[in-house]
Amino acid sequence: MIRTTLPDTARSRGVFTRPEALAAGWTARSIRTQLAHGRWKEIARGAYVEAALLDTAQAVERHRLEAFARGLCSPVVLTGASAAAVQGFAILHSSLTAVTARRRSRLDDCDVVDIEGVAVTSPSLTVIECARRFGAEPGLVIADSALHVGAVTQDELVERLAHVALQPGARSASVVVEEADGRAATPIESVSRWRFLCRGLPRPEPQGVIQTARGIRYADFLWKAQRTVGESDGIAKYDAAGTVIRAEKLRHADIEDAGHLVARWIWDEIWRTPDLVVARIIRTFGEAAKRFGLPR
């Protein structure tokens with residue numbers, strides 16, 4: 001009988017190796033059976049993943065699995081978006097290419113960290129390399145995420161930036177370090193903030209705090225002087241009882257009762273038609289000025 005218990009690494013990183021499967025009680029024959037029946041897939045020599053996980057994985061998650069497999073099966077250090085994916089940083093799909101790596105001998109020990117048995121560039125080096133390679137907007141998404149999860153500090157990014165001042169892409173990396181903000185919790189918040197900046201909107205406060213009658217509410221973006229809140233999720237998801245949408249409507253009402261108007265947008269809008277989103281926010285500025293008697 002085939003043992004059904006997978007190695008712990010199958011849960012923690014999604015990818016597990018042949019030695020890990022053998023140590024968990026699988027035999028060479030049972031491994032062959034899992035592969036032959038399509039329940040497991042070998043995504044690198046001696047590295048497996050459950051087929052159901054791989055088949056349903058979105059682009060970033062699939063890249064993460066492939067990167068783990070490459071790192072487990074060869075003596076390399078993962079770099080760029082591959083390192084970012086393994087470290088759990090948010091990544092724009094446009095930043096994904098083939099798995100990238102380099103020989104460990106080309107890096108100092110301080111530039112390499114271990115993530116579940118896989119060597120990757122340090123968080124600060126990963127962020128700066130991605131910013132240099134992909135440009136300001138994709139780089140900002142990764143930098144915001146790395147700061148948000150506490151993998152790196154602003155000071156560490158500044159220090160790392162000093163080492164690439166004369167290298168290609170240094171200008172993009174400099175902009176990313178200057179604009180990075182760990183308060184951004186999702187890629188849409190990072191992309192929105194960047195596109196507002198490029199279009200000359202006043203700088204909003206990420207995760208702005210609003211005191212309402214029911215307590216503190218946090219806004220994705222807060223323009224205090226304009227008494228305007230920006231919400232980048234757009235459309236709330238329903239649960240079976242509809243409580244999510246009701247809670248979101250109540251939150252919206254609380255914010256307006258506290259003296260702010262709300263502008264909303266979804267991913268497709270800020271990605272494809274950012275000028276329309278900016279125009280919507282500017283209209284909301286004007287409406288708030290009229291309602292609350294603000295100077296214009």
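The dialogue below takes up a helix and then the cysteines.

Modeller: This is a predicted model, where local features need pLDDT of at least 70 and side-chain atom pairs count only at pLDDT 80 or more, while totals for chains, interfaces and linings use all residues. Residues are numbered from 1 along each chain as its sequence is written, and side-chain values use heavy atoms, leaving out hydrogens and water.

Colleague: What span should helix H8 have, and what is the distance between its end C-alpha atoms?

Modeller: Helices are DSSP runs (H or I, at least four residues), numbered from the N terminus. The expected span is 1.5 Å times one less than the number of residues. For the 13 residues of H8 (136–148) that gives 18 Å, and the end C-alpha atoms are 18 Å apart, in agreement. After H8 comes glycine 150, with a positive phi near 80°.

Colleague: How many residues of H8 are buried?

Modeller: Buried means under 20% relative accessible area, exposed over 50%, and partly exposed in between (1.4 Å probe, protein chains only). In H8, 12 of the 13 residues are buried, including Pro138, Leu140 and Asp144. Contact means heavy atoms within 4.5 Å; the cover includes helix H7 (123–134) and helix H10 (170–179).

Colleague: How many disulfides does a search of the whole structure find?

Modeller: A disulfide is a covalent bond between the sulfur atoms of two cysteines; the cut-off is a sulfur pair within 2.5 Å. The search finds 0.

Definitions and conventions: Helix = DSSP H or I, 4+ residues; strand = E, 2+ residues; numbered from the N terminus.
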